[in-house]
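Please examine the sequence and the three-dimensional structure shown here. The paragraphs that follow lead through selected features one at a time.

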Amino acid sequence: MGDCWSPLVLRDISLGIDTFEELVPRPWRVPRTAEELARQTRGRRCAGTGRDSTRPQRFRYVLTTSGRELVTVLLALTQWGDHWHAPDSLPIVFRHHCGEVLEVSVTCRTCSGAVHPEGVSVQPGPGGRAAPGTLVIAERLAGMA
(Lines give C-alpha, C1' and ligand atoms only; values in the text may rest on other atoms or scores of the structure.)
Protein backbone atom coordinates (compact mmCIF):
# COMPACT_ATOMS: atom_id res chain seq x y z
CA MET A 1 0.00 0.00 0.00
CA GLY A 2 3.04 2.28 -0.10
CA ASP A 3 2.41 3.49 -3.65
CA CYS A 4 -0.42 5.81 -4.67
CA TRP A 5 -1.56 3.41 -7.39
CA SER A 6 -1.89 0.33 -5.15
CA PRO A 7 -5.45 0.99 -3.90
CA LEU A 8 -6.57 1.77 -7.45
CA VAL A 9 -5.07 -1.43 -8.83
CA LEU A 10 -6.63 -3.47 -6.01
CA ARG A 11 -9.99 -1.84 -6.70
CA ASP A 12 -9.76 -2.52 -10.43
CA ILE A 13 -8.75 -6.15 -9.94
CA SER A 14 -11.63 -6.66 -7.50
CA LEU A 15 -13.97 -5.30 -10.21
CA GLY A 16 -12.67 -7.78 -12.79
CA ILE A 17 -10.05 -5.69 -14.59
CA ASP A 18 -7.38 -8.34 -14.38
CA THR A 19 -4.83 -8.18 -17.19
CA PHE A 20 -1.66 -6.12 -17.28
CA GLU A 21 -2.78 -4.45 -20.52
CA GLU A 22 -6.02 -3.30 -18.90
CA LEU A 23 -4.30 -2.04 -15.75
CA VAL A 24 -1.32 -0.18 -17.25
CA PRO A 25 -3.09 2.47 -19.38
CA ARG A 26 -4.56 4.09 -16.28
CA PRO A 27 -3.70 7.79 -15.83
CA TRP A 28 -1.99 7.26 -12.48
CA ARG A 29 1.50 5.80 -11.98
CA VAL A 30 1.01 2.06 -12.13
CA PRO A 31 3.60 -0.69 -12.08
CA ARG A 32 5.40 -0.81 -15.40
CA THR A 33 6.34 -4.47 -15.35
CA ALA A 34 4.42 -7.65 -14.77
CA GLU A 35 6.95 -8.54 -12.06
CA GLU A 36 6.19 -5.34 -10.17
CA LEU A 37 2.45 -6.03 -10.39
CA ALA A 38 2.92 -9.66 -9.41
CA ARG A 39 4.45 -8.52 -6.12
CA GLN A 40 1.10 -6.91 -5.29
CA THR A 41 -1.12 -9.70 -6.59
CA ARG A 42 -1.01 -13.32 -7.49
CA GLY A 43 -0.62 -13.55 -11.27
CA ARG A 44 -2.09 -16.61 -12.93
CA ARG A 45 -1.27 -17.64 -16.45
CA CYS A 46 -4.18 -17.98 -18.78
CA ALA A 47 -4.28 -19.34 -22.28
CA GLY A 48 -4.25 -16.84 -25.12
CA THR A 49 -7.04 -16.65 -27.65
CA GLY A 50 -5.23 -19.05 -29.97
CA ARG A 51 -5.76 -16.70 -32.92
CA ASP A 52 -2.31 -15.15 -32.79
CA SER A 53 0.57 -17.41 -31.88
CA THR A 54 2.97 -14.44 -31.70
CA ARG A 55 1.25 -12.98 -28.65
CA PRO A 56 2.98 -13.80 -25.37
CA GLN A 57 1.22 -15.83 -22.75
CA ARG A 58 -0.89 -13.55 -20.55
CA PHE A 59 -1.45 -13.35 -16.84
CA ARG A 60 -4.74 -12.73 -15.14
CA TYR A 61 -4.23 -11.10 -11.77
CA VAL A 62 -6.26 -12.20 -8.76
CA LEU A 63 -6.18 -10.72 -5.31
CA THR A 64 -4.25 -12.44 -2.57
CA THR A 65 -6.05 -13.18 0.69
CA SER A 66 -4.74 -9.96 2.21
CA GLY A 67 -5.79 -8.06 -0.93
CA ARG A 68 -9.34 -9.44 -0.70
CA GLU A 69 -9.52 -8.37 2.95
CA LEU A 70 -8.25 -4.91 2.00
CA VAL A 71 -11.09 -4.46 -0.49
CA THR A 72 -13.44 -4.04 2.49
CA VAL A 73 -11.33 -1.10 3.64
CA LEU A 74 -11.31 0.32 0.10
CA LEU A 75 -15.11 0.10 0.01
CA ALA A 76 -15.23 2.12 3.25
CA LEU A 77 -12.79 4.69 1.83
CA THR A 78 -14.85 4.95 -1.35
CA GLN A 79 -18.00 5.52 0.70
CA TRP A 80 -16.20 8.22 2.72
CA GLY A 81 -14.94 9.93 -0.45
CA ASP A 82 -18.37 9.83 -2.07
CA HIS A 83 -19.96 11.30 1.06
CA TRP A 84 -17.55 14.24 1.21
CA HIS A 85 -16.76 14.83 -2.46
CA ALA A 86 -19.64 13.47 -4.57
CA PRO A 87 -22.76 13.30 -2.37
CA ASP A 88 -25.16 14.15 -5.21
CA SER A 89 -23.41 12.33 -8.03
CA LEU A 90 -22.05 8.92 -7.02
CA PRO A 91 -19.59 7.62 -9.63
CA ILE A 92 -20.33 3.98 -8.72
CA VAL A 93 -22.90 2.22 -6.57
CA PHE A 94 -22.01 -0.98 -4.70
CA ARG A 95 -24.78 -3.41 -3.82
CA HIS A 96 -24.61 -6.01 -1.07
CA HIS A 97 -25.59 -9.60 -1.90
CA CYS A 98 -28.95 -8.90 -0.19
CA GLY A 99 -29.71 -6.46 -3.02
CA GLU A 100 -29.52 -3.24 -1.01
CA VAL A 101 -27.09 -0.40 -1.70
CA LEU A 102 -24.00 -1.14 0.38
CA GLU A 103 -23.32 1.07 3.38
CA VAL A 104 -20.07 0.05 5.04
CA SER A 105 -19.84 0.40 8.80
CA VAL A 106 -17.29 -0.74 11.33
CA THR A 107 -18.72 -2.56 14.32
CA CYS A 108 -17.30 -4.22 17.41
CA ARG A 109 -17.22 -7.98 17.00
CA THR A 110 -18.20 -8.50 20.66
CA CYS A 111 -21.10 -6.07 21.21
CA SER A 112 -21.96 -5.18 17.56
CA GLY A 113 -21.82 -1.48 18.50
CA ALA A 114 -20.71 1.08 15.91
CA VAL A 115 -17.06 2.09 16.14
CA HIS A 116 -16.35 5.83 16.44
CA PRO A 117 -12.96 7.42 17.26
CA GLU A 118 -14.20 8.90 20.52
CA GLY A 119 -15.26 5.45 21.71
CA VAL A 120 -11.88 3.76 21.21
CA SER A 121 -9.04 3.70 23.73
CA VAL A 122 -5.44 2.70 23.06
CA GLN A 123 -2.99 0.68 25.13
CA PRO A 124 0.37 -0.91 24.37
CA GLY A 125 0.14 -4.24 22.56
CA PRO A 126 2.40 -7.27 22.87
CA GLY A 127 4.18 -6.45 19.60
CA GLY A 128 4.56 -2.73 20.22
CA ARG A 129 8.04 -1.33 19.71
CA ALA A 130 9.80 1.87 18.79
CA ALA A 131 10.55 1.58 15.07
CA PRO A 132 10.34 3.80 11.98
CA GLY A 133 6.76 4.96 11.63
CA THR A 134 5.90 4.16 15.26
CA LEU A 135 8.38 6.23 17.27
CA VAL A 136 5.97 8.92 18.46
CA ILE A 137 3.14 6.54 19.31
CA ALA A 138 5.59 4.13 21.00
CA GLU A 139 6.73 6.93 23.32
CA ARG A 140 3.12 7.89 24.07
CA LEU A 141 2.08 4.30 24.76
CA ALA A 142 5.17 3.68 26.92
CA GLY A 143 3.97 6.51 29.17
CA MET A 144 0.61 4.73 29.55
CA ALA A 145 2.07 1.41 30.72
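Asp18 is buried, at a relative accessible area of 17%, where buried means under 20%, exposed over 50% and partly exposed in between (1.4 Å probe, protein chains only). The model is predicted: local features need pLDDT of at least 70, side-chain atom pairs count only at pLDDT 80 or more, and totals for chains, interfaces and linings use all residues. Residues are numbered from 1 along each chain as its sequence is written, and side-chain values use heavy atoms, without hydrogens and water.

Asp18 forms a salt bridge with Arg60 at 2.9 Å, N to O; the term denotes a side-chain nitrogen of Lys or Arg within 4 Å of a carboxyl oxygen of Asp or Glu. Arg60 is partly exposed, with a relative accessible area of 36%. By this rule there are two salt bridges. The other joins Asp12 and Arg11, whose closest N and O atoms are 2.9 Å apart. Asp12 is buried at 3% relative accessible area, whereas Arg11 is partly exposed at 31%.

Arg11 also belongs to the lining of the largest pocket, which comprises 19 residues; Arg11, Leu74, Leu75, Thr78 and Phe94 lie nearest the pocket's centre. A pocket here is an open set of points on a 1 Å grid over the protein atoms alone, where a 1.4 Å probe fits, with protein on both sides within 12 Å along at least five of seven lines; lining residues have an atom within 4 Å of a point.
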